Structure formats: structure tokens, C-alpha cells
Amino acid sequence: VPAGGRIGTGFMKITSLLDYEVILANRACPVHFALRFEAPHLGQARPRPAAFCLVLDRSGSMEGPPLAKAKAAALLAVRNLRPEDHFGLVVFDDEAQVRIPFQPAKQKEAFLRLIEGIQTGGCTNLTGGWMLGRDELKKAAEGASRRLLLLSDGLLNRGVTDPTAVRQVVAAGLEKQNVRTSCLGFGENYDEDLMTNLAQATGGQFYDADSPEKFPAIF
């Protein structure tokens with residue numbers, strides 16, 4: 001490469017720098033050589049703003065470490081929100097409740113305090129919780145990327161409890177409202193088959209969330 005020459009790789013421009021414009025043949029002398037690398041972009045572009053809803057199981061079977069880990073995951077998810085994202089939170093036990101109505105993610109500190117105060121309740125009406133989360137995501141702008149993250153042990157015992165019927169409800173959410181569901185499984189005896197099937201029904205992801213150390217990689 002001539003002194004001061006450039007090599008174009010398609011992704012990166014490389015410029016060579018010498019302290020002599022011309023190097024004479026058969027003449028020994030010290031030469032200082034350097035390379036400059038220039039990349040047009042660093043990393044991938046950030047995705048478009050997200051419409052994101054957490055659906056968190058606070059039923060009695062989540063009492064203790066499972067709920068503590070689920071709350072830790074919810075807190076991390078909120079901390080990773082951008083101001084242009086939209087966010088909602090639904091909790092469920094016997095019944096489902098909207099704790100944070102779907103809104104721009106501009107009050108993160110208030111969101112965090114609310115999540116930290118969640119306590120365990122009664123039975124597990126998972127389908128009711130998911131449906132209320134879906135309804136919150138229906139408020140998102142048309143064409144938005146609607147994402148629902150279900151944090152649960154999947155132990156159905158209230159409302160719709162047939163796993164096949166629950167899967168059909170979740171699959172219909174993708175078909176009709178463009179809601180994609182991912183799942184985090186908590187507790188030693190969570191229903192892995194159910195949680196995996198619900199995620200697969202919409203092309204979402206399933207994660208075994210038995211350790212908070214895994215959460216950064218997940219999110």
C-alpha cells in the first residue's frame with residue numbers, strides 16, 4: 001500500500017500512515033507506520049419504540065423466592081425502558097388488576113416503587129392476567145411492536161385452566177392484536193411445558209429464570 005493509502009473493506013475504512021512519503025530501495029532507515037480504522041456505524045441501530053406490558057403472577061404459589069425473583073426481573077425490565085417506549089403492568093392472583101395503565105415510560109421511579117410493593121395473594125388466574133395485559137397493549141399505536149412478558153410459575157387453578165385453551169387464547173392475541181408473548185418461569189415446580197408452549201404460540205421466547213444473574217442476558 002502506498003504511504004497514506006486507503007483500503008476499503010465495505011464495512012471499515014483503513015488508512016495507512018508513514019512518516020516518509022517515499023522510501024528508497026536498498027537504504028536502511030527507521031520507519032514509523034500506523035493504521036487508522038474508521039467504521040461508519042458502531043453496533044446495531046436501536047429498535048423502534050416498544051409497546052411493552054409485564055404480566056406478573058402474585059398468586060400464593062409464588063410466595064417467597066419465586067415472587068422476589070419475579071419482582072427483580074420486573075425491576076430490571078423497567079430500568080431498561082427508554083422514554084420513547086410505552087409500558088404497562090398487570091398483576092394477577094384470583095383476579096387480574098392493572099397496576100400501571102399503559103403509558104409512556106417517563107415515570108420509571110414511580111414504576112419501580114410500585115413493583116417493589118407487590119405482595120402475594122390467592123390462586124392463579126393466569127389467563128385472566130394475560131388477557132388484561134393484552135387489552136392494555138391494544139391501546140398502543142397501530143403498527144407498534146406489542147410485547148407481553150409473562151412472569152409466572154404457570155400453575156393454573158382459576159379461570160381458564162385447560163392448557164390447550166390457554167394456548168389458543170395466547171395464539172389469537174398474535175393473530176388479532178399482534179401481541180407477541182414471552183415467558184419467564186419461576187419456582188422449583190413451575191409448568192415448563194405450558195410456559196414454553198405459550199411462548200412458541202406467538203414466536204416469543206421462554207426462559208428459566210431460576211437465577212437473577214441470568215436477567216441481564218435475558219433482557
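Strands β8 (179-185) and β9 (206-208) run parallel and are joined by three bridges. Helices and strands here are DSSP runs, numbered from the N terminus, with at least four residues (H or I) for a helix and at least two (E) for a strand. Two strands pair if DSSP finds at least two bridges between them. In this pair, Gly185 has Asp208 in β9 as its bridge partner.

Before going on, a word on the model. It is predicted, so local features need pLDDT of at least 70, side-chain atom pairs count only at pLDDT 80 or more, and totals for chains, interfaces and linings use all residues. Residues are numbered from 1 along each chain as its sequence is written, and side-chain values use heavy atoms, with hydrogens and water left out.

Back to β8. On which other strand does β8 pair, and over how many bridges? β7 (145-152) is joined to β8 by seven bridges, and the two run parallel. Leu184 in β8 is the bridge partner of Leu151. β8 is also mostly covered, with six of its seven residues buried. Buried means under 20% relative accessible area, exposed means over 50%, and partly exposed lies in between, using a 1.4 Å probe and protein chains only.

Right-handed means that, with the strands pointing away from the viewer, the path from the first strand over the helix to the second runs clockwise.

The helices of these units lie on the strands. α4 lies across β7 and β8, at about 150 degrees to β8. Helix α5, residues 192-200, lies across β7, β8 and β9, at about 155 degrees to β8. Axes are lines fitted to C-alpha atoms, for helices over the stretch in contact, and angles run from 0 to 180 degrees between N-to-C directions.

The loop between α4 and β8 holds Asn178. Most residues other than glycine have a negative phi. Asn178 has a positive phi, near 60 degrees. Asn178 is partly exposed, with a relative accessible area of 39%.

Six strands form an open sheet in the order β6-β5-β4-β7-β8-β9, with mixed pairing. The edge strands are β6 and β9, each of which pairs on one side only. Neighbouring strands are turned by 15 degrees against each other on average, direction ignored.

On the other part of the sheet, take β5, residues 86-92, which is mostly covered: six of its seven residues are buried. β5 pairs with β4, residues 50-57, in the parallel sense over seven bridges. Ala51 stands opposite His86 in β5, and Asp57 stands opposite Phe92. Phe92 also stands opposite Ala96 in β6. β5 and β6, residues 96-104, run antiparallel and are joined by six bridges. A hairpin of three residues connects them. β4, helix α1 (residues 65-79) and β5 make another right-handed β-α-β unit.

Next, helix packing. Two packed helices are described by the angle between their axes and the distance between the axes. The axes of α1 and helix α2, residues 108-116, come within 10 Å and cross at roughly 175 degrees. α1 and α2 are therefore roughly antiparallel; angles over 145 degrees count that way, under 35 as roughly parallel, 65 to 115 as roughly perpendicular, and the rest as oblique. The residues in contact include Leu75 and Val78 of α1 and Phe111 and Leu112 of α2, where contact means heavy atoms within 4.5 Å.

Helix α3 (residues 126-137) and helix α4 (residues 163-177) pack at about 5 degrees, with their axes 10 Å apart. That makes α3 roughly parallel to α4. Among the residues that meet are Trp130 and Met131 in α3 and Val169 and Val170 in α4. This contact has six nonpolar, three polar and one charged residues. Nonpolar covers Ala, Val, Leu, Ile, Met, Phe, Trp, Tyr, Cys and Pro; charged covers Asp, Glu, Lys and Arg; the others, Gly among them, are polar.

Finally, the totals. The protein has six helices and nine strands. Buried residues make up 40% of its 219 residues. Of the contacts with a separation of 6 or more, 66% are between residues 24 or more positions apart.
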